[in-house]
Amino acid sequence: MPQDADRPAPLLRVRGLEVAYGDTPVVRGVDLDVARGERVAIVGQSGSGKSTVVAALLRLLPGAGRITGGTVELDGEDLTAAGEARMRAVRGGRIGLVPQDPGTNLNPAMRLGDQVADALRAHGLRGPAVRQRVHELLEEAGVPEPERRAKQFPHEFSGGMRQRVLIAIALAREPELLLADEPTSALDVTVQRRILDHLVALAESRGTAMILVTHDLGLAADRADRVIVMLDGEVVEQGTPEQVLRAPQHEYTRRLVAAAPAVVVAQGEAEAPSERPGAAEGTGADAPSSADVVTVRDLVKEYRVRGRGGVLRAVDEVSFSVPRGGTTALVGESGSGKTTVSRILLGLEAPTSGEALVDGRSISGAARAERRALRRRVQPVFQDPYASLDPTHTVERVVDEPLRIFGIGDRESRRARVAELLDQVALPRDVAHRHPGALSGGQRQRVAIARALAPGPELLVLDEAVSALDVLVQEQILDLLADLQERLGVSYLFISHDLAVVRGIADNVVVLRQGRVEEQGSVDDVFHSPRAAYTRDLLGAIPGAAFAR
Amino acid sequence: MRRYLLVRLGQSAVTLLLASMVIFLGVRMLPGDPALAMAGEEATPERLAMIRADLGLDQPVWVQYGRFLAEVVSGDLGESTRTGASVASMIGATLPVTLWLSLYAIVVAVVTGVALGLLAERYRGRWPEWVANAAALTSLSVPNFWLGMLAIVYLCIGLGLFPASGYVPLTDDPVGWVVHLTLPALILGTGLAAVIMRQTRASMIEAMRTDYVRTARAKGLGRTRVLLRYGLRNSLIVVVTIAGLQLGGLISGAVVTEQIFALPGFGKLTLDAVFQRDYPVIQAVVVLTTVGYVLVNLAVDVLYSVIDPRIRVGGRS
């Protein structure tokens, strides 16, 4: 309801919002206005309170969470004081939610059509009109053959398709405000872009306002009219994407902008040709030489598909190399075969044909004793810093384990080696006696790197090793990796779905798609003059890249 | 789905075969000599040998097992060494009583257990949860036979609400059948109901924390609707598993309950047979119980795939 022509009252007006879990405040004095049809992005790292704000708006805080102060006015009505019945009418009816993870946000035991229908029935729609509307909604959200697919269960859908169903649910009752909580961060970049395009177009055509919660500053800049930056439960900065990215006021925002990989890419592109500090000049990937620590030639890995008697080619004639002391990046989306290649190199799987050689020798083809020696030269660092360290072991035991396994040194020398390794990854030595549970995600990943370095490998296989980390931590770990490479001369096979991150660390890039090499070459070639259409797609899908032009 | 069923059926057959060996050997290893039991203490060695030959006890064990298996498969369970009556007919007379009793008890247990579990979750932290918890704890800690005797003293003799003993077949008098079975089924079902209640509540709490429940609530659905449509079905897997596992307890519970209420059931038959070393009867009872177990497990697996559509995928051709 506009009060006067000059300043229409905002659709949503949040003042001094305070939220606490138990006695711990997590959101402190947040002010937020969203006008009708406006798109506002809330950016922050994990723990910044951005998702809590969204949950508080819907009054769906988990467990001991509760609103301890402030007001949330929707069209002038204070939702913090509204009764449960009133909130039911608001949820779905006036405020729709697009949640983060399409894998966990649909009931696995219920047909998708019914889950969309519930969003209609909750607001009183009955009879055959429901089914009709469900099909329309699915169609609008981009689900093909809605009549047939409405009868399927979530496990029969891909992640992207499930997210489309969740969008259909959120839009079912044409809400005035859409809360999109990291709506695409669980999806591949190209899928992510298509879904976001679609979501924004749907919202735009209906005049729906949107709050887009994301950890990705580039994505926020691309999609929002206004960007709000949160840190530790408080809003530290807000403004247009231009203002926030070009002239960040707050110290934290400045660091965030500096670290945002996409923006770095775009700037790098503007300043090209770039001068990256780093090792070996791009060794031609197609001409394997003794300067390469890894040579992969015509690698094929097939899996038998159960039940159908068919064969799935997960890796299809892949060839590339990793220069000694340099970094080759394998880039691709889920199902591209990048992890399978890494497992073969680590000797965890045998190739169907072709070879994956480390120092000219194959792990899978080697005899037992030799395989052991080769394993020592190739060490992995995995994605999830929470799952890849045994929570019952101390850090010292974790880092010491490969030394014990390979029988390196005695007790005293091993202890000294662990201390040295912790120094190398810039962890304080007293961390040695702590358990992983007491460490942050970034610290854990440093422990994982120390463990990988312990037996003195020539190659580290970094499988999405920074993907689970917040942007600032990600930057620190990437710096550490570059530093270690310079000092120790260790080579990296850097596996990632994120082209933006690859740009900063790799010498060569291999772009994989459905098991095949789409394109490979030096970082500069691939980023500046991509040959394959798919690479251009991937590059175009990097959020924020377009913005920084 | 069909392939899934076939695979499970095959597994069940193998299980039964293995179980039959264990049963056969187990019964053979019981102390006491059936020939001696039949002939009496003063029997001559010749008489004993004759009885043994008659029963096939003088043959090698594997021959005895083969014969046992062939007979069981053909439905011939032999004759009671005690009364000479056909074991099949003895079981035919007693099994329905126990089957009805167990079925009744399971229905009672699942219905009250799930309902109380739902109530406890729906009103978490309020009095319905406390009452449900207290009821569950009480029925878990009070033994069945004690509960049964209390019920007889107060409900049957004191208030005259139920008959204290006896059984009327369903076909003779449906009302009498219900009246006679209700109290034993309630008593037998309480323990299981408590277990199911606690399990339902625990897995409901788990389910209500999931993302899809929050998404359902964000649609504007009320708590109760979400509880029933999104929470319950995903909790049922655990409930079905527990109910299936507890069925064994139910059968041994039936032995006690039948004694208390003087029901002429399978439990009573088993007990009498064990006391009298009536090998053929014991064997038949154990075989049937095993078959029952395997069938229940099969049913549980099939129920899984009905409840959780993802389980069907594995067997799809």
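Predicted model: local features only at pLDDT ≥ 70, side-chain atom pairs only at ≥ 80, totals over all residues.
Among contacts in chain B between residues at least 6 apart in sequence, 72% join residues at least 24 apart, where contact means heavy atoms within 4.5 Å. Residues are numbered from 1 along each chain as its sequence is written, chains are lettered from A and ligands numbered from 1 in the order in which they are written, and side-chain values use heavy atoms, with hydrogens and water left out.

Let me stay with chain B. Chain B has 12 helices and zero strands; helices (H or I, at least four residues) and strands (E, at least two) are DSSP runs, numbered from the N terminus. The C-alpha trace of chain B spans about 85 × 60 × 35 Å along its principal axes. Of its 317 residues, 41% count as buried. Here buried means under 20% relative accessible area, exposed means over 50%, and partly exposed lies in between, with a 1.4 Å probe and protein chains only.

B:Thr94 lies in helix 5, residues 87–122. Is B:Thr94 buried or exposed? B:Thr94 counts as buried because its relative accessible area is 10%. Leaving aside neighbours within four places in sequence, B:Thr94 is in contact with B:Pro264, B:Gly265, B:Phe266 and B:Leu269. B:Phe275, by contrast, is found in helix 11, residues 266–275, and counts as exposed because its relative accessibility is 65%. Between B:Phe275 and B:Asp172 there are 103 residues in sequence and 31 Å in space, C-alpha to C-alpha.

I turn now to the interface. How many residues of chain A are in contact with chain B? There are 31 residues of chain A in contact with 22 residues of chain B. The area buried between the two chains is about 2,400 Å², and carbon and sulfur atoms give 54% of that area. Buried area is the accessible area (1.4 Å probe) that two parts lose on being put together, summed over both. On the side of chain A, the residues that lose the most area to chain B are A:Leu60, A:Pro108 and A:Ala109, together 21% of what that side buries.

Across it the rule finds 12 residue pairs in polar contact, both residues at pLDDT 80 or more. A polar contact is a pair of N or O atoms within 3.5 Å; within protein, one must be able to donate a hydrogen and the other to accept it, and residues adjacent in sequence count only if both atoms are side-chain atoms. Helix 2 (84–90), strand 6 (95–98), helix 3 (112–121) and helix 6 (159–171) of chain A each supply at least two residues of the side that touches chain B. Helix 3 gives the largest share of that side, five residues.

The count between chain A and chain B is two salt bridges. A salt bridge is a side-chain nitrogen of Lys or Arg within 4 Å of a carboxyl oxygen of Asp or Glu. A:Glu84 and B:Arg217 meet in a salt bridge, at 2.9 Å from N to O.

Over all chains, the structure holds 49 salt bridges. A:Glu182 forms one with A:Lys50, the closest N and O atoms being 3.7 Å apart. This pair links distant parts of the chain, 132 residues apart: A:Glu182 is in the loop between strand 7 (177–181) and helix 7 (189–206), and A:Lys50 is in helix 1, residues 50–57. Both A:Glu182 and A:Lys50 are buried. Another salt bridge joins the side chains of A:Glu145 and A:Arg148, at 3.0 Å from N to O. A:Glu145 counts as partly exposed because its relative accessibility is 47%. A:Arg133, A:Glu136, A:Glu140, A:Glu174 and A:Arg206 are linked in a network of salt bridges.
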